[in-house]
Amino acid sequence: MHTGCKWGGGVMFQVRLRLRLAKNLGTPDLTRTVEIAGRTVTIRSALGTDRPFAESEWIVLRSHGFQTEAEASDFGTRLKQAVSAASVCCALGVDLGNDRSGPWMDTNFARSIGLIQPHERTHTNVHGLVVLEDDPNIRFPSGQATLTVHTSVEEFLRALECAAETADKIEQQAANALRLLNQALINRQPLAKLVLAISAVEALGQDAEWSAAQNALRQRLAASARFDPGLSDAERNEVADMVTRGHRIGLRQGVKRLLTRLDLLHLMGEWDRIYGIRSGIVHGIMTNTEAVIGQLAAEATNLCGLIVLRLAQRKGFVLPEVAETHFPGSNNPPPSADRSV
């Protein structure tokens with residue numbers, strides 16, 4: 001039996017976001033609060049209310065008092081988007097999970113061993129976002145984490161508050177890229193970090209299509225190939241089919257188009273350099289030390305972070321100032337807020 005918070009006879013709701021950081025927040029504080037979209041968000045260590053941020057890479061963000069589940073869900077989505085963007089701007093790295101259930105303990109068992117009081121109940125410890133009744137008697141299982149390198153809590157919270165103001169302007173394409181970049185930032189394996197960072201930008205160039213004029217040219221080239229006297233009928237047909245078969249634009253060309261539209265074409269040379277070395281390593285053509293791969297991973301993360309953040313700005317998202325520290329040039333506004341990629 002439990003009693004949730006009520007409003008006008010109905011149940012109210014809360015938002016809970018549990019996530020993992022690449023670096024612990026460097027503060028002995030037990031709790032912090034930020035104001036987002038007019039609501040107070042409380043941040044604590046996931047280990048419990050009596051444990052400081054510095055002891056855990058897992059944190060929990062909560063906001064209370066939502067009158068409907070839909071209202072809470074909309075706010076939770078905005079909160080996730082803001083955390084994702086703020087993390088990249090701080091070059092921090094965050095694993096937002098998949099909003100799926102994690103550790104869980106039966107309520108009766110927890111009571112029987114004295115972990116919770118008779119009036120309390122347990123809830124699955126979701127990795128990610130969950131909307132639930134605004135019930136102060138809900139408890140979540142937690143475990144010990146290992147101390148790692150700290151990052152500035154003030155820097156992160158300032159970035160979070162700023163990012164939340166325009167997080168709703170981030171399009172899905174940019175949101176997907178931010179998520180991949182966070183996976184790169186939080187990964188401790190240099191090669192995986194390198195591949196994930198490159199993938200965040202590669203994915204943005206895969207939907208590029210030929211223009212109408214280019215398609216017309218391809219048809220003319222195919223017609224010319226079919227009547228070339230220097231080839232056999234089979235060879236002519238193979239060439240003509242290759243030209244007209246509907247191949248998508250290559251990944252490099254897609255990235256080049258992306259950089260052009262984001263006014264970042266000057267980065268193409270650096271992209272080609274990093275991508276070329278990355279391909280050599282991944283395909284076994286080149287052998288490099290862990291230190292060299294680590295340096296390349298850092299360069300790839302910086303380059304791809306700049307590109308992804310510029311894309312996020314496209315529809316009006318305003319970057320926190322700290323982004324310029326970790327990704328120089330990112331706070332230069334894109335050429336137009338409504339240019340499509």
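Here are some questions and answers about the terms used for this model.

This is a predicted model, where local features need pLDDT of at least 70 and side-chain atom pairs count only at pLDDT 80 or more, while totals for chains, interfaces and linings use all residues. Residues are numbered from 1 along each chain as its sequence is written, and side-chain values use heavy atoms, leaving out hydrogens and water.

Q: Why is serine 73 called partly exposed?
A: Its relative accessibility is 31%. Buried means under 20% relative accessible area, exposed over 50%, and partly exposed in between (1.4 Å probe, protein chains only), so serine 73 counts as partly exposed.

Q: Why does threonine 151 count as buried?
A: Threonine 151 has 11% relative accessibility, and therefore counts as buried. Among the residues that threonine 151 touches, not counting those up to four places away in sequence, are Lys23 and Leu92 (contact means heavy atoms within 4.5 Å).

Q: Why are H5 and H9 called oblique to each other?
A: Helix H5 (residues 190-202) and helix H9 (residues 268-282) pack at an angle of about 130°. Angles run from 0 to 180 degrees between N-to-C directions, with axes fitted to C-alpha atoms over the stretch in contact. Under 35 degrees counts as roughly parallel, over 145 as roughly antiparallel, 65 to 115 as roughly perpendicular and the rest as oblique, so H5 and H9 are oblique.

Methods: Helix = DSSP H or I, 4+ residues; strand = E, 2+ residues; numbered from the N terminus.
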